[in-house]
Amino acid sequence: MAIERALGTGIIISSSVPIAQRVEQRIRTFVEEYESVLSRFRADSLVSRMARAEYGGEFEFPEWAGPLFTLYSEFYAATRGAFDACIGADLLALGYDNSVQFVPESAASANDDSDSWSNYRRALPVTWADISRDSGGTTLCTNQPVQLDFGAAGKGYFVDLVTQIIKEELGEELHADFDFLVNAGGDMRAYFSEENSQIKVALENPFDTTQAVGVASIASGALCASSSARRRWKVKDANGFESNLIATHLINALDGIPACDLCASWAYIPAKTCDFPTAYADAIASALFVSQENYLQKIVQNVGAEFAVMLPNHALRKTCAFPARFFAA
């Protein structure tokens, strides 16, 4: 089952037996709902309404958004503010909107002009801590326009919610040799009816996206990646001319500048360790770009995450149990 261009990347659901039409329709309906709430690229979304609210206001989100907000609060605190949904304002200031043209260059060149960012200045934005939320609820309160972007974990969270839909719809059928994989632009969650079943996943080389740097073998659980190799664009100056700065979507919210200490990250979380493994894997893969690894240690331990990162000099670091074999340089 494929849903083209959903969440800006497309979704593919592979299963051992065909997914019933009623299940497919429910998933397609939920895609529309999810985007109508969280997409900053849709003028009619709730997030876009928040961005246009001159004096802010109270914005009630669907109940399913609650765990996503909790995750962002957790990562905002752990990273000392570097992981923040309010980077939407920074992304827009750098030119990341519906008109952006991505540049097909290697991740290595993403760091060539990093010194030039020393001259970049941005107005202090609203932070996640400035947005009040009813205790454990889904109403966000603001006093000024806020441009939210949930790209750091939103795709992974969507994968978890789609997984829940499939489980709810199929019920006992899941125990009858029914296996499936939900893949949203490389953020994926696997479900196997047999505990020892695995799937092999190629890990993209950030320096040459036509190649792999390794192969992961994952059981039921989530595997997510972040990279500076794909969503990259040339920043325009105040006069609308292209500058020599290359931006990526991986923004450090503390200074509004694209992170450049890593070129790629991967995170794996077994399904049995938390309720939303793909959301947490997605968030960890993103947070590794903007935060110190030791800041994330408590979260990593709580959800049983394993991860690996690749540096601009091609060096590789990984946790002992990260389930992948990397090729020799």
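Modeller: Let us begin with a definition: helices (H or I, at least four residues) and strands (E, at least two) are DSSP runs, numbered from the N terminus. This is a predicted model, in which local features need pLDDT of at least 70, side-chain atom pairs count only at pLDDT 80 or more, and totals for chains, interfaces and linings use all residues. Residues are numbered from 1 along each chain as its sequence is written, and side-chain values use heavy atoms, with hydrogens and water left out.

Colleague: In which loop is Arg80 found?

Modeller: Arg80 lies in the loop between helix 3 (66-78) and helix 4 (88-93).

Colleague: Is Arg80 buried or exposed?

Modeller: Buried means under 20% relative accessible area, exposed over 50%, and partly exposed in between (1.4 Å probe, protein chains only). Arg80 is exposed because its relative accessibility is 53%. Leu7, at 21%, is therefore partly exposed.

Colleague: Which strands form the open sheet, and in what order?

Modeller: Two strands pair if DSSP finds at least two bridges between them. Three strands form an open sheet in the order 8-9-18, with antiparallel pairing. Strand 8 (199-205) and strand 18 (324-326) are its edge strands, each pairing on one side only.

Colleague: How many bridges join strand 8 and strand 9?

Modeller: Strand 8 pairs with strand 9 (residues 208-218) over seven bridges, in the antiparallel sense. Leu203 has Gly214 in strand 9 as its bridge partner.
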